[in-house]
Amino acid sequence: MNIFVVNSGSSSIKYQLFRWPAEQPVCSGLVERIGSEQATIRHKVFDPQAPEGNPPTEQFHTLPLPDHEVGLREVVRLLTEQPGGVIQDPGEIAVVGHRVVHGGEVFAATALITEEVKAEIKRLFVLVPLHNPANYLGIEVAERLFIHAQQVAVFDTAFHQTMPEYAYRYALPTALYEEQRLRKYGFHGTSHQFVAAQAATYLSQPDARLITIHLGNGCSMAAVRGGRSLDTTMGFGPLGGLVMGTRSGDIDPSVLLHLQGQLGYSAEQVSTLLNKQSGMLGLAGSNDMRDIGQALAVGDARATLAYDLYCYRIRQYIGAYTATLNGLDAIVFTAGVGENDAMVRARVCQDMEFFGLQLDEVKNQERAPGLRDLSGPDSKVRILVIPTSEELEIARQCAQLLANE
Ligand SMILES: Nc1ncnc2c1ncn2[C@@H]1O[C@H](COP(=O)(O)OP(=O)(O)O)[C@@H](O)[C@H]1O
Ligand SMILES: CC(=O)OP(=O)(O)O
Ligand SMILES: [Mg+2]
(Lines give C-alpha, C1' and ligand atoms only; values in the text may rest on other atoms or scores of the structure.)
(Ligands and ions follow the chains in the order given, each with its own letter.)
Protein backbone atom coordinates (compact mmCIF):
# COMPACT_ATOMS: atom_id res chain seq x y z
CA MET A 1 0.00 0.00 0.00
CA ASN A 2 1.17 3.57 -0.74
CA ILE A 3 0.64 6.29 1.87
CA PHE A 4 1.22 9.85 0.71
CA VAL A 5 1.79 12.47 3.41
CA VAL A 6 1.10 16.13 2.74
CA ASN A 7 2.14 19.04 4.97
CA SER A 8 0.60 22.01 3.25
CA GLY A 9 1.77 25.40 4.53
CA SER A 10 0.85 28.93 3.52
CA SER A 11 3.40 29.09 0.70
CA SER A 12 4.94 25.63 0.76
CA ILE A 13 4.01 21.97 0.53
CA LYS A 14 6.15 19.21 2.05
CA TYR A 15 5.34 15.68 0.90
CA GLN A 16 6.56 12.14 1.36
CA LEU A 17 5.47 8.81 -0.07
CA PHE A 18 5.78 5.60 1.96
CA ARG A 19 5.34 1.93 1.03
CA TRP A 20 3.39 0.20 3.75
CA PRO A 21 3.70 -1.91 5.90
CA ALA A 22 7.46 -1.73 5.25
CA GLU A 23 7.44 1.97 6.37
CA GLN A 24 9.80 2.47 3.45
CA PRO A 25 10.19 6.07 2.27
CA VAL A 26 9.99 6.11 -1.53
CA CYS A 27 10.31 9.80 -2.27
CA SER A 28 9.93 13.15 -0.58
CA GLY A 29 9.89 16.74 -1.62
CA LEU A 30 9.40 20.37 -0.86
CA VAL A 31 7.49 22.90 -2.93
CA GLU A 32 8.33 26.45 -1.95
CA ARG A 33 7.28 29.98 -2.82
CA ILE A 34 3.84 28.97 -4.08
CA GLY A 35 2.19 32.05 -5.59
CA SER A 36 5.37 33.21 -7.29
CA GLU A 37 6.78 33.05 -10.82
CA GLN A 38 9.94 31.56 -9.37
CA ALA A 39 8.52 28.77 -7.24
CA THR A 40 10.76 25.77 -6.60
CA ILE A 41 10.30 22.02 -6.21
CA ARG A 42 12.94 19.78 -4.69
CA HIS A 43 12.06 16.13 -5.35
CA LYS A 44 14.11 13.32 -3.79
CA VAL A 45 13.88 9.63 -4.64
CA PHE A 46 15.25 7.03 -2.21
CA ASP A 47 16.89 3.82 -3.32
CA PRO A 48 15.59 1.01 -1.08
CA GLN A 49 18.77 -0.99 -1.75
CA ALA A 50 21.13 1.81 -0.66
CA PRO A 51 22.64 1.63 2.84
CA GLU A 52 21.24 3.99 5.51
CA GLY A 53 22.72 7.47 5.25
CA ASN A 54 23.21 7.26 1.45
CA PRO A 55 21.94 10.41 -0.25
CA PRO A 56 18.79 10.12 -2.42
CA THR A 57 18.78 11.21 -6.06
CA GLU A 58 17.50 14.73 -6.31
CA GLN A 59 15.76 16.93 -8.87
CA PHE A 60 15.36 20.67 -8.57
CA HIS A 61 12.87 22.69 -10.62
CA THR A 62 12.17 26.42 -10.75
CA LEU A 63 8.80 27.26 -12.29
CA PRO A 64 5.76 29.53 -11.90
CA LEU A 65 3.21 28.07 -9.45
CA PRO A 66 0.21 30.36 -9.00
CA ASP A 67 -1.46 28.29 -6.27
CA HIS A 68 -1.48 25.05 -4.24
CA GLU A 69 -3.55 23.24 -6.85
CA VAL A 70 -0.97 23.80 -9.60
CA GLY A 71 1.81 23.01 -7.11
CA LEU A 72 0.30 19.66 -6.11
CA ARG A 73 -0.46 18.83 -9.76
CA GLU A 74 3.23 19.34 -10.52
CA VAL A 75 4.08 17.00 -7.64
CA VAL A 76 1.74 14.35 -9.10
CA ARG A 77 3.55 14.75 -12.42
CA LEU A 78 6.91 14.19 -10.70
CA LEU A 79 5.50 11.13 -8.89
CA THR A 80 4.23 9.55 -12.09
CA GLU A 81 6.67 10.59 -14.85
CA GLN A 82 10.27 9.58 -15.52
CA PRO A 83 12.87 10.41 -14.40
CA GLY A 84 12.06 10.28 -10.73
CA GLY A 85 8.60 8.72 -11.08
CA VAL A 86 7.70 6.16 -8.43
CA ILE A 87 4.11 5.22 -9.35
CA GLN A 88 2.25 4.85 -12.67
CA ASP A 89 -0.97 6.54 -11.66
CA PRO A 90 -2.34 8.64 -8.75
CA GLY A 91 -4.86 5.80 -8.24
CA GLU A 92 -2.04 3.76 -6.69
CA ILE A 93 -2.08 6.02 -3.62
CA ALA A 94 -4.39 4.37 -1.08
CA VAL A 95 -4.21 6.98 1.67
CA VAL A 96 -3.32 10.66 1.83
CA GLY A 97 -2.34 11.77 5.34
CA HIS A 98 -2.59 15.49 6.00
CA ARG A 99 -0.86 17.46 8.72
CA VAL A 100 -3.50 19.68 10.29
CA VAL A 101 -2.08 22.03 12.88
CA HIS A 102 -5.17 22.73 15.01
CA GLY A 103 -7.72 20.13 15.99
CA GLY A 104 -9.12 22.05 18.96
CA GLU A 105 -10.69 19.96 21.72
CA VAL A 106 -12.71 17.98 19.21
CA PHE A 107 -9.86 15.90 17.84
CA ALA A 108 -7.85 13.96 20.40
CA ALA A 109 -6.94 11.47 17.68
CA THR A 110 -6.41 11.06 13.96
CA ALA A 111 -9.59 11.32 11.88
CA LEU A 112 -10.86 10.13 8.55
CA ILE A 113 -11.74 13.29 6.64
CA THR A 114 -15.47 13.78 6.10
CA GLU A 115 -17.45 16.91 5.32
CA GLU A 116 -18.05 17.34 9.09
CA VAL A 117 -14.33 17.03 9.84
CA LYS A 118 -13.58 19.62 7.18
CA ALA A 119 -16.17 21.98 8.64
CA GLU A 120 -14.53 21.61 12.06
CA ILE A 121 -11.04 22.30 10.64
CA LYS A 122 -12.50 25.38 8.98
CA ARG A 123 -14.11 26.53 12.22
CA LEU A 124 -10.63 26.57 13.78
CA PHE A 125 -9.20 28.93 11.13
CA VAL A 126 -9.53 31.88 13.51
CA LEU A 127 -7.27 30.24 16.07
CA VAL A 128 -4.38 29.53 13.66
CA PRO A 129 -4.80 31.83 10.68
CA LEU A 130 -1.31 31.02 9.37
CA HIS A 131 -1.69 27.24 9.50
CA ASN A 132 -5.16 25.66 9.23
CA PRO A 133 -6.29 27.51 6.06
CA ALA A 134 -3.21 26.22 4.23
CA ASN A 135 -3.74 22.70 5.58
CA TYR A 136 -7.37 22.86 4.45
CA LEU A 137 -6.36 23.94 0.98
CA GLY A 138 -4.07 20.91 0.77
CA ILE A 139 -6.99 18.63 1.70
CA GLU A 140 -9.30 20.11 -0.93
CA VAL A 141 -6.67 19.85 -3.67
CA ALA A 142 -5.71 16.28 -2.66
CA GLU A 143 -9.37 15.25 -2.76
CA ARG A 144 -9.48 16.34 -6.40
CA LEU A 145 -6.13 14.79 -7.38
CA PHE A 146 -6.33 11.49 -5.48
CA ILE A 147 -9.99 10.67 -5.94
CA HIS A 148 -9.64 6.99 -4.97
CA ALA A 149 -7.63 7.61 -1.80
CA GLN A 150 -8.86 7.82 1.80
CA GLN A 151 -8.03 11.26 3.16
CA VAL A 152 -6.90 11.38 6.79
CA ALA A 153 -6.17 14.32 9.11
CA VAL A 154 -3.43 14.08 11.74
CA PHE A 155 -3.52 16.97 14.20
CA ASP A 156 -0.55 18.69 15.87
CA THR A 157 -2.71 19.33 18.91
CA ALA A 158 -4.04 15.77 19.39
CA PHE A 159 -1.07 14.36 21.34
CA HIS A 160 -1.38 17.13 23.93
CA GLN A 161 -5.04 16.46 24.67
CA THR A 162 -3.85 14.30 27.60
CA MET A 163 -2.65 17.36 29.56
CA PRO A 164 -4.37 17.73 32.94
CA GLU A 165 -6.80 20.63 33.20
CA TYR A 166 -4.58 22.58 35.62
CA ALA A 167 -1.86 22.52 32.93
CA TYR A 168 -4.02 23.58 30.00
CA ARG A 169 -6.28 26.18 31.61
CA TYR A 170 -5.40 29.87 31.88
CA ALA A 171 -6.35 31.86 34.97
CA LEU A 172 -9.01 33.77 33.06
CA PRO A 173 -12.74 33.94 33.80
CA THR A 174 -14.21 30.46 33.36
CA ALA A 175 -16.68 31.66 30.74
CA LEU A 176 -13.84 32.40 28.36
CA TYR A 177 -12.90 28.74 28.51
CA GLU A 178 -16.41 27.35 28.46
CA GLU A 179 -17.74 29.61 25.73
CA GLN A 180 -14.66 30.50 23.69
CA ARG A 181 -12.40 27.50 24.35
CA LEU A 182 -9.56 29.77 25.45
CA ARG A 183 -6.94 27.33 26.78
CA LYS A 184 -3.55 25.84 26.06
CA TYR A 185 -3.61 23.39 23.12
CA GLY A 186 0.05 22.80 22.28
CA PHE A 187 1.50 21.93 18.89
CA HIS A 188 4.16 19.79 17.14
CA GLY A 189 2.40 16.81 18.76
CA THR A 190 3.31 14.33 16.01
CA SER A 191 6.99 15.18 16.45
CA HIS A 192 6.93 14.96 20.26
CA GLN A 193 5.03 11.66 20.08
CA PHE A 194 7.42 10.21 17.48
CA VAL A 195 10.65 10.97 19.34
CA ALA A 196 9.18 10.15 22.78
CA ALA A 197 8.19 6.67 21.57
CA GLN A 198 11.70 6.07 20.21
CA ALA A 199 13.33 7.31 23.39
CA ALA A 200 11.18 5.04 25.57
CA THR A 201 12.08 2.07 23.37
CA TYR A 202 15.79 2.97 23.50
CA LEU A 203 15.66 3.24 27.29
CA SER A 204 13.57 0.04 27.56
CA GLN A 205 11.38 2.08 29.87
CA PRO A 206 7.78 2.42 28.69
CA ASP A 207 7.04 4.75 31.61
CA ALA A 208 10.07 7.01 30.98
CA ARG A 209 9.94 10.63 32.14
CA LEU A 210 11.03 12.58 29.10
CA ILE A 211 11.46 16.17 28.02
CA THR A 212 11.28 16.40 24.24
CA ILE A 213 12.78 19.53 22.72
CA HIS A 214 11.65 20.27 19.15
CA LEU A 215 13.80 23.08 17.72
CA GLY A 216 12.88 23.86 14.11
CA ASN A 217 11.55 27.13 12.74
CA GLY A 218 8.82 26.74 15.31
CA CYS A 219 10.14 25.50 18.66
CA SER A 220 8.42 23.72 21.53
CA MET A 221 9.09 21.37 24.42
CA ALA A 222 6.90 18.72 25.99
CA ALA A 223 6.90 16.85 29.29
CA VAL A 224 6.02 13.25 28.44
CA ARG A 225 5.46 10.34 30.77
CA GLY A 226 4.45 6.87 29.66
CA GLY A 227 3.92 8.19 26.14
CA ARG A 228 1.42 10.84 27.31
CA SER A 229 1.94 14.58 27.09
CA LEU A 230 1.61 16.24 30.51
CA ASP A 231 2.53 19.75 29.46
CA THR A 232 3.99 21.68 26.54
CA THR A 233 5.38 25.15 25.96
CA MET A 234 3.13 26.36 23.15
CA GLY A 235 -0.30 27.43 24.23
CA PHE A 236 -3.51 28.71 22.68
CA GLY A 237 -1.56 29.30 19.47
CA PRO A 238 1.93 28.37 18.27
CA LEU A 239 3.44 31.58 19.69
CA GLY A 240 4.11 30.83 23.33
CA GLY A 241 7.04 29.22 25.10
CA LEU A 242 10.46 29.04 23.51
CA VAL A 243 12.20 31.67 21.41
CA MET A 244 11.79 30.65 17.74
CA GLY A 245 13.06 31.67 14.30
CA THR A 246 10.64 34.58 13.93
CA ARG A 247 8.24 34.13 16.89
CA SER A 248 8.70 35.69 20.30
CA GLY A 249 7.78 32.82 22.60
CA ASP A 250 6.74 33.76 26.17
CA ILE A 251 6.15 37.43 26.71
CA ASP A 252 4.51 39.42 29.49
CA PRO A 253 0.99 40.30 28.27
CA SER A 254 1.56 43.89 29.45
CA VAL A 255 3.94 44.35 26.52
CA LEU A 256 1.05 43.70 24.13
CA LEU A 257 -1.20 46.06 26.06
CA HIS A 258 1.46 48.75 25.89
CA LEU A 259 2.03 48.21 22.16
CA GLN A 260 -1.69 48.63 21.46
CA GLY A 261 -2.62 51.12 24.16
CA GLN A 262 0.37 53.45 24.05
CA LEU A 263 2.38 52.83 20.90
CA GLY A 264 -0.50 52.74 18.41
CA TYR A 265 -0.09 49.18 17.13
CA SER A 266 -3.18 47.57 15.60
CA ALA A 267 -4.05 43.96 16.46
CA GLU A 268 -2.76 42.94 13.05
CA GLN A 269 0.53 44.76 13.56
CA VAL A 270 0.99 43.05 16.92
CA SER A 271 0.35 39.71 15.24
CA THR A 272 2.91 40.43 12.51
CA LEU A 273 5.42 41.59 15.11
CA LEU A 274 5.08 38.50 17.30
CA ASN A 275 4.78 35.93 14.51
CA LYS A 276 7.12 37.21 11.85
CA GLN A 277 9.51 39.85 13.16
CA SER A 278 10.50 38.55 16.57
CA GLY A 279 12.49 35.57 17.85
CA MET A 280 16.01 35.14 16.50
CA LEU A 281 15.21 37.37 13.54
CA GLY A 282 14.23 40.24 15.81
CA LEU A 283 17.15 39.75 18.18
CA ALA A 284 19.96 39.01 15.75
CA GLY A 285 18.76 39.75 12.22
CA SER A 286 18.32 36.19 10.91
CA ASN A 287 15.88 33.36 11.56
CA ASP A 288 18.37 30.79 10.32
CA MET A 289 20.37 29.31 13.17
CA ARG A 290 23.30 28.65 10.85
CA ASP A 291 23.68 32.42 10.24
CA ILE A 292 23.50 33.13 13.95
CA GLY A 293 26.09 30.44 14.66
CA GLN A 294 28.49 32.04 12.18
CA ALA A 295 27.96 35.51 13.64
CA LEU A 296 28.48 34.09 17.13
CA ALA A 297 31.77 32.52 16.04
CA VAL A 298 33.15 35.96 15.15
CA GLY A 299 31.96 37.47 18.42
CA ASP A 300 28.87 39.35 17.20
CA ALA A 301 27.21 40.75 20.34
CA ARG A 302 23.61 40.51 19.09
CA ALA A 303 24.09 36.91 17.98
CA THR A 304 25.64 36.06 21.37
CA LEU A 305 22.70 37.54 23.25
CA ALA A 306 20.19 35.81 20.96
CA TYR A 307 21.90 32.45 21.49
CA ASP A 308 22.04 32.95 25.25
CA LEU A 309 18.38 33.93 25.43
CA TYR A 310 17.31 31.01 23.20
CA CYS A 311 19.19 28.47 25.33
CA TYR A 312 18.29 30.06 28.69
CA ARG A 313 14.58 29.68 27.93
CA ILE A 314 15.08 25.98 27.13
CA ARG A 315 17.01 25.46 30.37
CA GLN A 316 14.26 27.15 32.35
CA TYR A 317 11.67 24.79 30.89
CA ILE A 318 13.88 21.78 31.66
CA GLY A 319 13.69 22.93 35.26
CA ALA A 320 9.95 23.44 35.10
CA TYR A 321 9.21 20.11 33.43
CA THR A 322 11.47 18.18 35.78
CA ALA A 323 9.06 19.40 38.44
CA THR A 324 6.06 18.44 36.28
CA LEU A 325 7.47 14.92 35.84
CA ASN A 326 8.80 14.66 39.41
CA GLY A 327 12.16 13.58 38.00
CA LEU A 328 13.72 13.03 34.63
CA ASP A 329 15.04 10.03 32.68
CA ALA A 330 16.04 11.67 29.39
CA ILE A 331 15.93 14.83 27.36
CA VAL A 332 15.58 14.53 23.60
CA PHE A 333 16.78 17.10 21.08
CA THR A 334 15.07 17.04 17.70
CA ALA A 335 14.24 18.98 14.47
CA GLY A 336 16.58 21.15 12.35
CA VAL A 337 18.35 22.97 15.19
CA GLY A 338 18.10 20.24 17.82
CA GLU A 339 19.53 17.59 15.50
CA ASN A 340 22.29 19.73 13.97
CA ASP A 341 23.37 22.52 16.27
CA ALA A 342 25.97 21.17 18.70
CA MET A 343 26.48 24.63 20.20
CA VAL A 344 22.83 24.94 21.25
CA ARG A 345 22.93 21.49 22.84
CA ALA A 346 26.16 22.35 24.68
CA ARG A 347 24.74 25.62 26.04
CA VAL A 348 21.49 24.00 27.10
CA CYS A 349 23.30 21.27 29.03
CA GLN A 350 25.91 23.58 30.58
CA ASP A 351 25.72 24.07 34.37
CA MET A 352 22.83 21.65 34.69
CA GLU A 353 24.50 19.17 37.05
CA PHE A 354 21.71 19.68 39.57
CA PHE A 355 19.33 18.23 36.99
CA GLY A 356 21.66 15.30 36.34
CA LEU A 357 22.73 16.42 32.87
CA GLN A 358 26.30 15.88 31.79
CA LEU A 359 27.05 16.11 28.08
CA ASP A 360 29.85 14.21 26.33
CA GLU A 361 31.47 17.05 24.39
CA VAL A 362 33.12 14.75 21.84
CA LYS A 363 29.96 12.81 21.04
CA ASN A 364 28.11 16.11 20.82
CA GLN A 365 30.33 17.18 17.91
CA GLU A 366 30.03 13.90 15.99
CA ARG A 367 27.63 13.58 13.08
CA ALA A 368 25.80 10.33 12.46
CA PRO A 369 22.36 9.29 11.24
CA GLY A 370 19.72 7.94 13.62
CA LEU A 371 19.44 8.09 17.40
CA ARG A 372 22.52 9.36 19.25
CA ASP A 373 23.20 9.15 22.98
CA LEU A 374 25.33 12.12 24.01
CA SER A 375 25.31 11.42 27.75
CA GLY A 376 28.63 11.67 29.52
CA PRO A 377 29.77 8.91 31.93
CA ASP A 378 28.43 10.81 34.97
CA SER A 379 25.12 11.86 33.48
CA LYS A 380 22.18 10.66 35.57
CA VAL A 381 19.82 11.67 32.80
CA ARG A 382 20.23 10.47 29.19
CA ILE A 383 20.85 13.21 26.63
CA LEU A 384 19.55 12.02 23.26
CA VAL A 385 19.36 13.33 19.71
CA ILE A 386 16.57 11.67 17.75
CA PRO A 387 15.83 12.80 14.19
CA THR A 388 12.14 13.55 13.96
CA SER A 389 9.91 12.51 11.11
CA GLU A 390 6.50 14.11 11.38
CA GLU A 391 5.78 12.53 7.99
CA LEU A 392 6.50 8.96 9.14
CA GLU A 393 4.46 9.52 12.32
CA ILE A 394 1.56 10.81 10.21
CA ALA A 395 1.80 7.75 7.94
CA ARG A 396 1.84 5.45 10.99
CA GLN A 397 -1.22 7.10 12.44
CA CYS A 398 -3.03 6.79 9.11
CA ALA A 399 -2.19 3.08 8.92
CA GLN A 400 -3.33 2.55 12.53
CA LEU A 401 -6.60 4.37 11.97
CA LEU A 402 -7.42 2.34 8.88
CA ALA A 403 -6.45 -0.93 10.57
CA ASN A 404 -8.95 -0.14 13.34
CA GLU A 405 -11.74 0.90 10.96
N1 LIG B 1 23.54 22.30 10.40
C2 LIG B 1 22.71 23.12 11.05
N3 LIG B 1 23.15 23.82 12.11
C4 LIG B 1 22.34 24.65 12.77
N5 LIG B 1 21.05 24.85 12.46
C6 LIG B 1 20.55 24.17 11.41
C7 LIG B 1 21.35 23.27 10.66
N8 LIG B 1 20.56 22.74 9.68
C9 LIG B 1 19.34 23.29 9.83
N10 LIG B 1 19.33 24.14 10.87
C11 LIG B 1 18.23 24.99 11.34
O12 LIG B 1 17.02 24.29 11.45
C13 LIG B 1 15.94 25.19 11.33
C14 LIG B 1 14.82 24.56 10.51
O15 LIG B 1 14.44 23.39 11.14
P16 LIG B 1 13.30 22.43 10.55
O17 LIG B 1 13.06 21.37 11.55
O18 LIG B 1 13.68 22.01 9.19
O19 LIG B 1 12.10 23.46 10.53
P20 LIG B 1 10.60 23.40 10.04
O21 LIG B 1 10.24 21.95 9.82
O22 LIG B 1 9.88 24.00 11.19
O23 LIG B 1 10.57 24.22 8.80
C24 LIG B 1 16.52 26.47 10.73
O25 LIG B 1 16.60 27.48 11.73
C26 LIG B 1 17.93 26.07 10.34
O27 LIG B 1 18.80 27.11 10.49
C1 LIG C 1 2.61 24.69 14.80
C2 LIG C 1 3.94 25.16 14.36
O3 LIG C 1 4.57 25.97 15.00
O4 LIG C 1 4.41 24.60 13.26
P5 LIG C 1 5.72 25.01 12.46
O6 LIG C 1 6.89 24.83 13.37
O7 LIG C 1 5.73 24.02 11.31
O8 LIG C 1 5.52 26.43 12.01
MG1 LIG D 1 8.97 21.15 11.23
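1. Into which domains is the protein divided? Domain 1 covers 2–155 and domain 2 covers 204–390, with bounds taken from an automatic or database domain assignment. The model is predicted: local features need pLDDT of at least 70 and side-chain atom pairs count only at pLDDT 80 or more, while totals for chains, interfaces and linings use all residues. Residues are numbered from 1 along each chain as its sequence is written, and chains are lettered from A and ligands numbered from 1 in the order in which they are written.

2. The C-alpha centres of domain 1 and domain 2 are 27 Å apart. Seven residues from domain 1 and five residues from domain 2 form the contact (C-beta atoms, placed from the backbone, within 7 Å). On the side of domain 1 that touches domain 2, three residues are nonpolar, two polar and two charged (Ala, Val, Leu, Ile, Met, Phe, Trp, Tyr, Cys and Pro count as nonpolar, Asp, Glu, Lys and Arg as charged, and the others, Gly among them, as polar).

3. Helix α6 (residues 189–203) packs with helix α15 (residues 390–404) at an angle of about 85°, their axes being 9 Å apart (helices are DSSP runs of H or I, at least four residues, numbered from the N terminus; axes are lines fitted to C-alpha atoms over the stretch in contact, and angles run from 0 to 180 degrees between N-to-C directions). The two helices are therefore roughly perpendicular (65 to 115 degrees). T190, S191, Q193 and F194 of α6 meet E390, L392, E393 and I394 of α15.

4. Around ligand 1 there are 13 residues, of which G216, N217, A335, G336 and N340 come nearest (C-beta atom, placed from the backbone, within 6 Å). Helix α12 gives the most to this shell, with four residues.

Notes: Two residues are in contact if their C-beta atoms, placed from the backbone, lie within 7 Å. Angles under 35 degrees count as roughly parallel, over 145 as roughly antiparallel, 65 to 115 as roughly perpendicular and the rest as oblique.
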